[in-house]
Every structure is written in C-alpha cells, then in structure tokens.
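Biologist: Could we go through this model together? I would like to begin with the overall picture and then turn to single residues.

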Amino acid sequence: MDLASAKQLGAGLAVIALAGVGVGIGHIFAALVNSVARNPASRDRVFGLAILGFALTEAVALYALVIAFIILFV
Amino acid sequence: MAASGSIDALSQFQLHPVLGDVGRTLHIAQSNVMMLVAMVLTLLLLWAGMRPRALVPGRLQSAAEMIYEFTYNMCLETIGPEGRRFFPFIFTLFLFILIGNLVGVFPYFFTFTSHITVTLALTMVVVIMVTLVGLWIHKLHFFSYFVPQGVPKLLLPLLVPIEVLSYLSRIISLSVRLFANMMAGHVMLEVFGAFVIMLGGLGLLWIVPAGLALAVNVALIGFEILVAVLQAYVFAVLSCIYLHDAVHLH
C-alpha cells in the first residue's frame, strides 16, 4: 500500500468518531424533547443548556474532522 | 480548482500581505484587516445603536441593547454576583468573536477565527486571566482547586495530575473548538462550491445536480450563520464557567 492510499484510509478511519457524536447529539435532543414535553414552561432554560451540550458534542466531531484534514492535507 | 480535478479546500485560509508595500513591510495580512473591520463594526454597532438614547428603541438600538443584556445576564447567571466585574471582558470577547465569525460568512471576506493562532491567542488570554484571577482572590489556596474533595487520600497522587491536565487541556479544547468549527464550515462551503463549478462544466444535463449542490450551499450558509453565533456564545459561556471555577473554587 502506498502512502497516498494509506492517508485516505487513515482519514476515513479518523472520522469513525462521528458515530459516537451522532449518538451523543441524539441523546441530547431526545432529552430536550422529553423535558420540554414534561414541563413546557422550562423550555427557554432547557433549550440553552441543550444548545450548549450540542455545541460541546459537535466539537468532538470537529476534532475528528481536523485530524482527518491533517492526515489528508498537511 | 476544477481544471486539476481536485478540490483545493484549504488554500482559502492562506494569508496574503495586503495594502501593497506598506503591508508587506509591516506584515499586515487580510486577517489583520478583518480584525480591524470587526472592531470598527463592533464600535459602530454600539455607537450608532446607542446614539439616539430613545426610550422606545429603534432597530439598531434594540440590537445593541439585546446583545448587552444577553451577555450581562449570562455573566451574572454563570459567574454569580462577581460576574459584574468580568462583564466588560466577556462582552468584548463575545462581540469580537461574533462579528469576526459573521463577517467571515460573506463571500470574499476572510474569517480570522478560522486560524488556530488567533483562537489560541484568545484562549491564552482567557486561561491566563482565569488563573491570575484565581490566584488573586484565593492566593495560594487556589491550588486546592486541583485537589478533589471527599476522595480517599490514596487516590490523590492519581487524581491531582488528572485535574491539572484537565485544567491545562482547556487551552486546547477551547481554541480548537472555535477554530475547527469555523474551518470545517468554510471547507464545506468550498467543497460544495467546487461541486457546482465541476458539475456545471460537464454539460447541459448536469445543470440539475449543479443546482442541487448550489441549494445545499445556500442551506450551508444559513447553517454557518447559526454556527457563527453559537460558537461565539459557547466561547463566551465557557470563559464564564472557567471564571466561575476560579472565583468560587468548585
């Protein structure tokens, strides 16, 4: 296997982390729907927390993406 | 880009000297110019917005007041009553990143937050200030922050290094989060923009997929605006949380 194809495979492997991120974001919004359904009045407060959690989880996806970019282009 | 058959996604982040010979001598890149633009826009928003001082605010004044109140409440809620002292810092940080992110969405504009040097510098300012604030308020007692309470003494040699490491890794996580979000978004825009050009060049039959790619690009711009605001908010709120930790020690 030459270096170029190894790089492409490595970049592909690096973004497997997105599976975990998908599960995490799904959990966050499932919990958001649950809590808003139980107590609609809490929507404003819970929504901010959910967005914060979403951004923190999404950052993990972007770390994987950055690693993939580094493998591919740097 | 289309001619060579590969997508050159990262060249959009390259820095070029601007303003001719003056810029070349002083090392002024488009990134620095955009920082000045962000600063001027921030000052304009606040100055022009608050100039009427109307009791019933107009559109611009509402925007200025809303950003102000939003950040102020965020400071007070996250840090506590002491948050008032840190509000100017958080407000400056939030507006600088917010305007920088938003300006970068416009075509032909440069996003200075898509460079790790910029976000790392901002993060270093935050982390060093948080550490100094902790040392200033609690003196040497600040180091008890790294000693978790209510754990067996036997575990401390293991836990204290972990706490120190997690404290230091804030530098990486905070800076890479903002940088990676902005960079990934702009790479995505570039990739779909390249799709439009590549597909459009293939012939009449490929107009429809090219249009689809263009539609995706339009949606992505909307998503980028969301991410720009969200990441500025996240950066500010995490700075607030770190300040809370430094002020209250857990």
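Modeller: The conversation below takes up the chains, their contact and a few residues.

Modeller: This is a predicted model, in which local features need pLDDT of at least 70 and side-chain atom pairs count only at pLDDT 80 or more, while totals for chains, interfaces and linings use all residues. Residues are numbered from 1 along each chain as its sequence is written, and chains are lettered from A and ligands numbered from 1 in the order in which they are written.

Biologist: How many helices and strands are there in chain B?

Modeller: Chain B has 7 helices and 0 strands; helices (H or I, at least four residues) and strands (E, at least two) are DSSP runs, numbered from the N terminus. The C-alpha trace of chain B spans about 75 × 55 × 40 Å along its principal axes.

Biologist: What share of its residues count as buried?

Modeller: Of the 250 residues of chain B, 27% are buried. A residue is buried if 20 or more other C-beta atoms lie within 10 Å of its own, exposed if 12 or fewer, and partly exposed in between, with C-beta atoms placed from the backbone.

Biologist: Which residues does Thr123(B) touch?

Modeller: Leaving aside residues up to four places away in sequence, Thr123(B) touches Ile171(B), Leu174(B) and Ser175(B). A contact requires C-beta atoms, placed from the backbone, within 7 Å. Thr123(B) is in helix H5 of chain B.

Biologist: Is Thr123(B) buried or exposed?

Modeller: Thr123(B) counts as buried because it has 24 C-beta neighbours inside 10 Å.

Biologist: Which phi values deserve a look?

Modeller: Tyr108(B) has a phi near 70°, a positive value in a residue other than glycine. Tyr108(B) lies in the loop between helix H4 (83-105) and helix H5 (116-138), and is exposed, with 5 other C-beta atoms within 10 Å. Lys139(B), also not a glycine, has a positive phi of about 50°. Lys139(B) sits in the loop between H5 and helix H6 (156-200) of chain B and counts as exposed, with 9 C-beta neighbours inside 10 Å.

Biologist: Turning to the contact, how many residues does each chain give?

Modeller: Chain A gives 9 residues and chain B gives 10 residues. On the side of chain A that touches chain B, the residues divide into 9 nonpolar, no polar and no charged. Ala, Val, Leu, Ile, Met, Phe, Trp, Tyr, Cys and Pro count as nonpolar, Asp, Glu, Lys and Arg as charged, and the others, Gly among them, as polar.

Biologist: And how many buried residues does H2(A) have?

Modeller: The count is 0 among the 22 residues of H2(A), which is hardly covered.

Methods
Contact = placed C-beta atoms within 7 Å.
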